[in-house]
Amino acid sequence: MDFVKDLRAKAKAANKTIVLCEGEDKRVVEAASVVVKEGIAKIILLGNEEKIKSFGFDMTGVQIVDPTNDPNVDKYAELLFKAREGKVNKKTGAPEYADPAAAKEFLLKFASNTGKIEGKDKLDNTMYGALMLKAGVADGFVSGACHSTANTLRPGLQVIKTAPGVSTVSSCFIMVAPEGGNKYLSQGVSVFGDCAINIDPDENQLADIALASAETAKKIAGLEPKVAMLSFSTKGSGADPKNGDTVGKVQRATKIAQEKNPSLALDGEFQFDAAIAPEVGELKAPGSAVAGHANTFIFPNINAGNIGYKIAARMGGWKAIGPVCQGFAKPLNDLSRGCNVEEIVDTVAVTALQA
């Protein structure tokens, strides 16, 4: 199975509209051209039209919106004001936006390159894109090629907010096996979470990450999820009470997740070999339906997750699609600042399938 080809075909059938916020980035502009040309999704590209077209890519079919002359800016400013009404700027003690006019000033300040992000002058239409998503003009949102994860996710938390019943925004990577496949994962696909957002989740957050990643595994990766809660210990073989009790945290998270979704194949805590290799799983965790057969792997913290997925990608040749954001009320995804065009296109496809 060509997972990426299948992913793009499914996105094409979904026929969704995705807003790309970074029209000042050449990679994003090229990706927009590719997505529309292949019919993967409809694209709204934010930025200065002259600048976007100067990159030389075919923009036929791409909807270019420049916030500085968009007739809908007042509508989005009103939406921003209402979403943040009553919120106070912690530094000044004043309201974030005194009125819709102040919200509009904020949006245009960054759209016209007069604001400062992380100490540098740069365009920032991230909030504008999030407001288009909230307004229903777009079905999904992708940004982050030239902005930090925090800068990309902040508008999501401020105006999109979390889905009903969800308290934890998290992420996962869809890992695609290199040519030749993998003897332990017959479908050649797995899910790793959370490798990008939650630095040191507590047991409740870790349980939420596990349940959200299982949903992504099923809906986007096409897997029947078998979720392994990872640790350096398998079923109590190790402990670290004097160093944060990470083993205990994973054990508690496992119980919480099992109680929230008893029908889900989820177990732990497992060392990675016990989770993926049948011969090790049978030895270390006999009787477990997940041990030795897992396809969705939940790391105890971002250190383990980030290191783990990059080892798989760089040394094992696995393709990492993501980070795929989970928990927002509407699909909103972050790109790595080191991303290439193909990765942006894949993220657009994932976002379309989340919508």
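User: Is Met315 buried or exposed?
Analyst: Met315 counts as exposed, because its relative accessibility is 73%, and the cut-off for exposed is over 50%. Please note that this is a predicted model.

User: Where does Met315 lie?
Analyst: Met315 is in the loop between α12 (302–314) and β12 (319–326).

User: Let us change topic. Where is the place of Thr168?
Analyst: Thr168 sits in the loop between α7 (149–160) and β7 (170–176).

User: Is Thr168 buried or exposed?
Analyst: Thr168 is buried, because its relative accessible area is 7%, and buried means under 20%.

User: What does Thr168 touch, then?
Analyst: Leaving out residues up to four places away in sequence, Thr168 touches Asn198, Gln205, Asp208, Ile209, Gln326 and Gly327. With Asp208 there is also a polar contact between the two side chains, at 2.9 Å.

User: Now the strand, β7. How many residues of β7 are buried?
Analyst: Seven of the seven residues of β7 are buried, so the strand is largely enclosed by the rest of the structure.

User: Which residues are on each side of β7?
Analyst: Ser170, Cys172, Ile174 and Val176 are on one side, and Ser171, Phe173 and Met175 are on the other. Both faces of the strand are covered, as these residues are all buried.

User: In what sense do β7 and β12 pair?
Analyst: β7 and β12 pair in the antiparallel sense, over six bridges. Within that pairing, Met175 has Ala320 of β12 as its bridge partner.

User: What about β7 and β8?
Analyst: β7 and strand β8 (residues 189–193) also pair in the antiparallel sense, over five bridges. Here the bridge partner of Ile174 is Val191 in β8.

User: What joins Gly268 and Glu269?
Analyst: Gly268 and Glu269 are joined by a cis peptide bond with omega of about -5 degrees. Glu269 belongs to strand β10 (residues 265–270).

User: Why point these bonds out?
Analyst: They are pointed out because most peptide bonds are trans. Most residues other than glycine also have a negative phi.

User: What is the phi of Lys235?
Analyst: Lys235 has a positive phi of about 50 degrees, although it is not a glycine. Lys235 lies in the loop between β9 (226–230) and α9 (246–260), and counts as partly exposed at 41% relative accessibility.

User: And what is the phi of Asp245?
Analyst: The phi of Asp245 is near 50 degrees, a positive value in a residue other than glycine. Asp245 is also found in the loop between β9 and α9. At 24% relative accessibility, Asp245 counts as partly exposed.

User: One last topic. Where is Leu353 found?
Analyst: Leu353 is in helix α13 (residues 341–354). At 14% relative accessibility, Leu353 counts as buried.

User: How far apart are Leu353 and Glu342?
Analyst: Leu353 and Glu342 are eleven residues apart in sequence, and 17 Å apart in space from C-alpha to C-alpha.

User: And what is in contact with Leu353?
Analyst: Setting aside neighbours within four places in sequence, Leu353 is in contact with Leu7, Lys10, Ala11, Ala14, Lys219 and Ile220.

How values were computed:
Residues are numbered from 1 along each chain as its sequence is written. This is a predicted model: local features need pLDDT of at least 70, side-chain atom pairs count only at pLDDT 80 or more; totals for chains, interfaces and linings use all residues. Side-chain values use heavy atoms; hydrogens and water are left out. Helices (H or I, at least four residues) and strands (E, at least two) are DSSP runs, numbered from the N terminus. Buried means under 20% relative accessible area, exposed over 50%, partly exposed in between (1.4 Å probe, protein chains only). A polar contact is a pair of N or O atoms within 3.5 Å; within protein, one must be able to donate a hydrogen and the other to accept it, and residues adjacent in sequence count only if both atoms are side-chain atoms. Contact means heavy atoms within 4.5 Å. Two strands pair if DSSP finds at least two bridges between them.
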